[in-house]
Amino acid sequence: MMYALPFQTLLHFPCASKFTRPKDAMPMDLHCKFSSLEIKRLSRRMVLKFCGFNTLLLSINPVLAAPMPEMKEPEVIRTLKLASGVRFQEIIEGEGPEAQEGDTVEVNYVCRRSNGYFVHSTVDQFSGESSPVILPLDENQIIKGLKEVLIGMKVGGKRRALIPPSVGYVNENLKPIPDEFGPRRSLFSHANEPLIFEVQLLKVL
């Protein structure tokens with residue numbers, strides 16, 4: 001029976017004339033072939049184990065496989081609630097003059113139902129052309145909820161507001177009102193439900 005020498009021994013002592021052969025030993029060149037075969041087998045086994053170890057390591061810890069992208073904290077838009085029940089978000093904070101009660105302002109706006117369905121806008125959805133409206137910040141002339149949203153805004157700013165019907169179109173004389181019959185009829189048909197206004201302050205007159 002033949003026993004293979006340990007791997008380290010084979011590396012340090014390849015078949016060479018340093019060994020003293022016993023009388024019943026096989027020829028030197030045949031012994032060399034078997035030693036070389038054992039080295040090749042051990043080398044292949046070690047390579048396979050090494051590859052398997054790396055694969056396992058990467059599957060356990062994928063951080064080692066690829067660098068993690070830098071995580072950025074999402075921007076959070078705060079929602080403010082007023083005593084009247086109006087809720088609004090500051091989408092863009094303007095840098096111009098601030099609107100005060102009693103001022104007259106020029107604005108663009110989009111009005112939607114609370115489910116997102118479009119009602120009316122001063123900006124054409126297809127061409128992008130705008131027809132701003134001029135509104136006095138007086139609750140006897142415009143809907144109270146929109147007046148509350150506009151007060152404190154700075155020129156260039158934009159706010160999105162949910163206006164409950166109690167401070168909305170409580171009568172049909174309150175602005176803003178579309179000039180066209182179709183949009184005006186659509187607006188008043190939804191006057192008894194909350195409306196979403198996205199308004200941009202263009203000027204304080």
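Where is the place of Val 123, relative to strand 4 and strand 5?

Reply: Val 123 sits in the loop between strand 4 and strand 5; strands, like helices, are DSSP runs numbered from the N terminus, with at least two residues (E) for a strand and at least four (H or I) for a helix. The structure is a predicted model, in which local features need pLDDT of at least 70 and side-chain atom pairs count only at pLDDT 80 or more, whereas totals for chains, interfaces and linings use all residues. Residues are numbered from 1 along each chain as its sequence is written, and side-chain values use heavy atoms, with hydrogens and water left out.

With a relative accessible area of 29%, Val 123 is partly exposed, the class between buried (under 20%) and exposed (over 50%), judged with a 1.4 Å probe and protein chains only. Not counting residues up to four places away in sequence, Val 123 touches Asn 108, Tyr 109, Gly 128, Glu 129 and Ser 130, where a contact means heavy atoms within 4.5 Å. Asn 108 lies 15 residues from Val 123 along the chain, and their C-alpha atoms are separated by 7.0 Å.

A pocket is found on a 1 Å grid over the protein atoms alone, as an open set of points where a 1.4 Å probe fits, with protein on both sides within 12 Å along at least five of seven lines; lining residues have an atom within 4 Å of a point. Of its 21 lining residues, His 120, Ser 121, Thr 122, Ser 131 and Glu 180 are the closest to its centre. The lining has 11 nonpolar, five polar and five charged residues; Ala, Val, Leu, Ile, Met, Phe, Trp, Tyr, Cys and Pro count as nonpolar, Asp, Glu, Lys and Arg as charged, and the others, Gly among them, as polar.

Ser 121 leads on to Phe 197: their C-alpha atoms are separated by 9.4 Å, although the two residues are 76 residues apart along the chain. Phe 197 belongs to strand 7 (residues 195-204) and counts as buried because its relative accessibility is 1%. Beyond its neighbours within four places in sequence, Phe 197 has contacts that include Tyr 109, Val 110, Cys 111, Ile 143 and Leu 146. Tyr 109 is also one of the residues that Val 123 touches.

Of its 205 residues, 24% are buried. Among contacts with a separation of 6 or more, 71% join residues 24 or more positions apart.

Confidence deserves a word. The average pLDDT, the predictor's confidence in each residue from 0 to 100, is 77, and 63% of the residues score at least 70. Over residues 1-20 the pLDDT is below 50, and this stretch has 15 contacts in the model beyond near neighbours in sequence. Residues 25-42 likewise have a pLDDT below 50. Where pLDDT is low, the predicted coordinates should not be read in detail.
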